Amino acid sequence: MVDTSGIIGAVFIVYAGIMLWIGYIVSRSTHSPTDFFLANRSLKAWVTAVSSTASSESAWAVLGTVGLAYKDGLSALWFFPGCLLGYGLNWFFVAERLRKYSREKKIITIPDYLETHFTDNTHLIRIISVIIIFACMMAYIAAQFLAIGKTFDAIFDIPHLVSIPIGGTIIIIYTMMGGFRAVAWTDFIQGLIMVVGLVVLSLAAVIELGGFSVIAQKVNEAAPTALTLMGGKTIPVFLGSMVGLLGIGLGYPGQPHVITRYMAAKDSKTIKQGMWIAFGWGILMYSSAILLGICGQVLFPGLADAEHLFPTAAENLLPTFLTAIVLTGVLAAIMSTVSAQIIVAASAMAHDIYSKVIHGSLTPNRILSISRLTIFLIGLGAMLVALIDTRVIFWFVLFAWSGLGASFGPVILFTLYSKKITRNGAIGGMLTGFFTTVAWKTAGLSDAIIYELVPAFLLSSFVIWGVSRRQVNQ
């Protein structure tokens, strides 16, 4: 097989140069905290839609979904409506109401939103929000850096001790320079690379098998249970798996790095157009991933690690230059998520704590300087944690999505649609969602019963409703 590492390296250098150039260009028009953290509320439909979806998916959408379909066949399809459920919750129920409220009240972050909604002069709800965001995001960011290191190692044979600083530095620089606008635009480009890579690779797999007309026959011969919706599982196992996969969608309304994109949208028209763009992106991404995974059972049987299917297929089915672009898509998927998470973690510390709690009055230039310094320190800290390569990272990241989703999703949905939710109800629900996630995961109940986000989300919702109702009726 031809060594493609040199060509992939050249493509990645060009790609990294474009990301840094975007950061530099955007930095020249960034003059206020609203610019830095919300792109001055000016994002158009395509950037809002693609950047929000790309930042929510990470490399898991590229590697994990393909691997899931390779391992479970068509039964992985139940993951698909779970993600589209998440898109639906965000775009139909959160996006426009949150955009309008944030513009009217001039809020910048999710802790801003919660404190303003409940008129909490004690800052308690802001501080709790920041602690939850920071606890989840720091582990998430470190894990993404570690994923960059492992991807570099697999593609270029560069050890993670070298590649993590390289990849991390690129992300930190363009995020520091351009803030949220740079992150949104780079995520937009990265999202396009991700979806084009998956579509091209899945179609190449179909052509290699002889076309759509013969896929079912060949897959049935190679893996008889691959095209069944239960995947050969028993009914109890299948039902538990299906509910868990559908439950993934409950996490979307609680991801700060996703829903802040709606706060940055220019107007209602942007939200209406962006909704269909986001759904189109998701349908293309996940249908292509599932198709590739199923085709892979015939083309590359017996892979030791199902998540290796994507790079294996790229190297075997595509011309060298296209292979380079498609494999760069894996790095793009990681970078789109980590840059979005860094800007949210930085806003939590620089804006929500330093500017709003510690120092009440700071000049815009001072806030921008502190924000850029915070991004540098958070990025550096996450890189150092990733370089240690401890299992603690993965233990935390296992519940990061669920922790954020269960902590913030219910309270955001309640506050957008009810005037009877109290501050204590919101605090109780956030803490319940977070600690239920941790307890459920550490007790092993996610594997034994159901994915932790489902019970954590439901319990959080119940506490918000119950505590608020009791206070209102007193």
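**Notes on the predicted model**

1. The lining of the largest cavity draws at least two residues from each of α5 (110–118), α10 (256–263) and α13. The model is a predicted one, and the volume of about 110 Å³ for this largest cavity is a computed value. Among these contributors α13 gives the largest share of the lining, with five residues.

2. The lining of the largest cavity comprises 14 residues, of which I108, T109, T260, V344 and S347 are the closest to the centre. By residue class, the lining of the largest cavity divides into ten nonpolar, three polar and one charged. Cavities of 30 Å³ or more number three in the structure.

3. How many aromatic pairs does the structure hold? There are 13 aromatic pairs, and one of them joins F92 and F279 in a tilted arrangement, with 6.1 Å from centre to centre and 50° between the planes. Because F92 belongs to helix α4 (residues 79–105) and F279 to helix α11 (residues 268–299), this pair ties together parts that are 187 residues apart in sequence. As to accessibility, F92 counts as partly exposed at 48% relative accessibility, whereas F279 counts as buried at 13%.

4. A further aromatic pair is formed by F93 and Y417, and this one is edge-to-face, with 6.2 Å centre to centre and 65° between the planes. The F93–Y417 pair also links distant parts of the chain, since F93 lies in helix α4 and Y417 in helix α16 (residues 400–417), 324 residues apart. F93 is partly exposed, with a relative accessible area of 41%, and Y417 likewise counts as partly exposed, at 40% relative accessibility.

5. Which residues do ring pairs link into a cluster? The cluster consists of Y87, F92, Y252, W276, F279 and W401, and the tilted pair of F92 and F279 described above therefore has both of its residues among the members of this cluster.

6. The phi of N40 is near 55°, a positive value in a residue other than glycine. R41 has its place in the loop between α2 and α3 as well, and the phi of R41 is near 50°, again a positive value in a residue other than glycine.

7. Are N40 and R41 buried, partly exposed or exposed? N40 counts as partly exposed because its relative accessibility is 45%, while R41 is buried, with a relative accessible area of 9%, a value that falls under the 20% limit for buried residues.

Notes: Residues are numbered from 1 along each chain as its sequence is written. This is a predicted model: local features need pLDDT of at least 70, side-chain atom pairs count only at pLDDT 80 or more; totals for chains, interfaces and linings use all residues. Side-chain values use heavy atoms; hydrogens and water are left out. Buried means under 20% relative accessible area, exposed over 50%, partly exposed in between (1.4 Å probe, protein chains only). Helices (H or I, at least four residues) and strands (E, at least two) are DSSP runs, numbered from the N terminus. Rings of Phe, Tyr and Trp (its six-membered ring) pair if their centres lie within 6.5 Å; planes under 30 degrees apart count as stacked, over 60 as edge-to-face and the rest as tilted. On a 1 Å grid over the protein atoms alone, a cavity is a set of points where a 1.4 Å probe fits but cannot get out, and a pocket is an open set with protein on both sides within 12 Å along at least five of seven lines; lining residues have an atom within 4 Å of a point. Grid points are joined across faces, edges and corners, and a volume is the space filled by probe spheres set on the points. Ala, Val, Leu, Ile, Met, Phe, Trp, Tyr, Cys and Pro count as nonpolar, Asp, Glu, Lys and Arg as charged, and the others, Gly among them, as polar.
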